[in-house]
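Open the structure in your viewer and keep the selection tool ready. The tour below goes from one selection to the next.

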Amino acid sequence: MSTPLNIIFSWFEKGDIPTEYQFKQTFSSFRHLDEKIKMDEVMGLHEAFQQTLSTTIFTNHLEDENAHISALAKLNAANLTDANVEEWKEKLKIKLAATIDGGEEIGNVYTKEQISEIVNVIQAKDDEMLEHIAKINEILRSNDANLDELQEIVDYIKENRKQIELLKEVVIRNISDDKINLAGIYSNWGAITYQNQFNDLVYDKIKNIEDAANAEKIKHEERVRGDSRIKHDLDTLSFVIDAYDTVTMFTIPIKVRRIDTNNLEVLFDSVPPNIIQLTIKKI
């Protein structure tokens, strides 16, 4: 039992001589540093603990993935709405970020590997085109200073179509005019003296030009990403069609439905992963 402080103070007033009992009671009223205070002796501690959570409840709260779901995003963002996603994109300034194909999502840009494959295909096509141009230039090469360009030759043919048709008729009907001497000199075209020799030579040159021009009109090329309707200018229902993946370069199986002589529909068994090159050749 502790002694009240006012009693203790009265024992040690000026002139007092404290007794052994008073000293004992005084020191017994206070705790020694070596004496541990029990938890149930701390005033208000029990009530304070009543207002705290148990370890189990706190741990369960930490592990509950749906805690604060209305205010905080899950680690996998499963509780974000489309509006939330758009707001995050806007805030992070990634709304216009480029994406590549992944899973079921179709991206809007190619990977470096895909771009490299496409560039290789384009380069190969460019090389092939340059070879064709070189062959056409070889066919059309002329020593005539007035007809040394393709456009000039085409313009000449258009302006002299009637005369050209007459030349064809002469050849078909085997009309001979070998008795007519040429008025001009055409040494650059070889040793020709009579009109029929000149006609044959001109006809052969024109035929080579027309054959080269027509060769470019029997083919139509187009690139697609899936089922497509193709419009071409081949004016035919008879053709062959080739389809290949521009990245893997493998031939792709397709189904073709003819709509009319200048339209067709191309169908794939499944959506192709890359751009498909179509080549339609008239037969």
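Start by selecting helix 6, residues 112-140, which supplies the largest share of a negative surface patch, four residues. Helices are DSSP runs of H or I with at least four residues, strands are runs of E with at least two, and both are numbered from the N terminus. This is a predicted model, in which local features need pLDDT of at least 70 and side-chain atom pairs count only at pLDDT 80 or more, while totals for chains, interfaces and linings use all residues. Residues are numbered from 1 along each chain as its sequence is written, and side-chain values use heavy atoms, leaving out hydrogens and water.

Next, select Asp126, Asp127, Glu128, Glu131 and Glu221, which form the negative patch. A patch takes residues with over 30% relative accessible area and no salt bridge, and like charges are joined within 9 Å. A salt bridge is a side-chain nitrogen of Lys or Arg within 4 Å of a carboxyl oxygen of Asp or Glu.

Move to the loop between strand 2 (228-231) and strand 3 (239-245) and select Asp235. Asp235 counts as exposed, at 52% relative accessibility. Its phi is positive, near 55°. Most residues other than glycine have a negative phi.

Finish at Met249, in the loop between strand 3 and strand 4 (254-260). Met249 also has a positive phi, about 70°, and is partly exposed at 43% relative accessibility.

Technical notes. Patch = residues over 30% accessible without salt bridge, like charges linked within 9 Å, V, L, I, M, F, W, Y side chains within 5 Å. Areas by Shrake-Rupley, 256 points an atom, 1.4 Å probe, with all protein chains shown as cover. Lys, Arg positive; Asp, Glu negative; His and termini not counted. Charge placed at Lys NZ, Arg CZ, Asp CG, Glu CD. Buried < 20%, exposed > 50% of the residue type's maximum accessible area, 1.4 Å probe, protein only.
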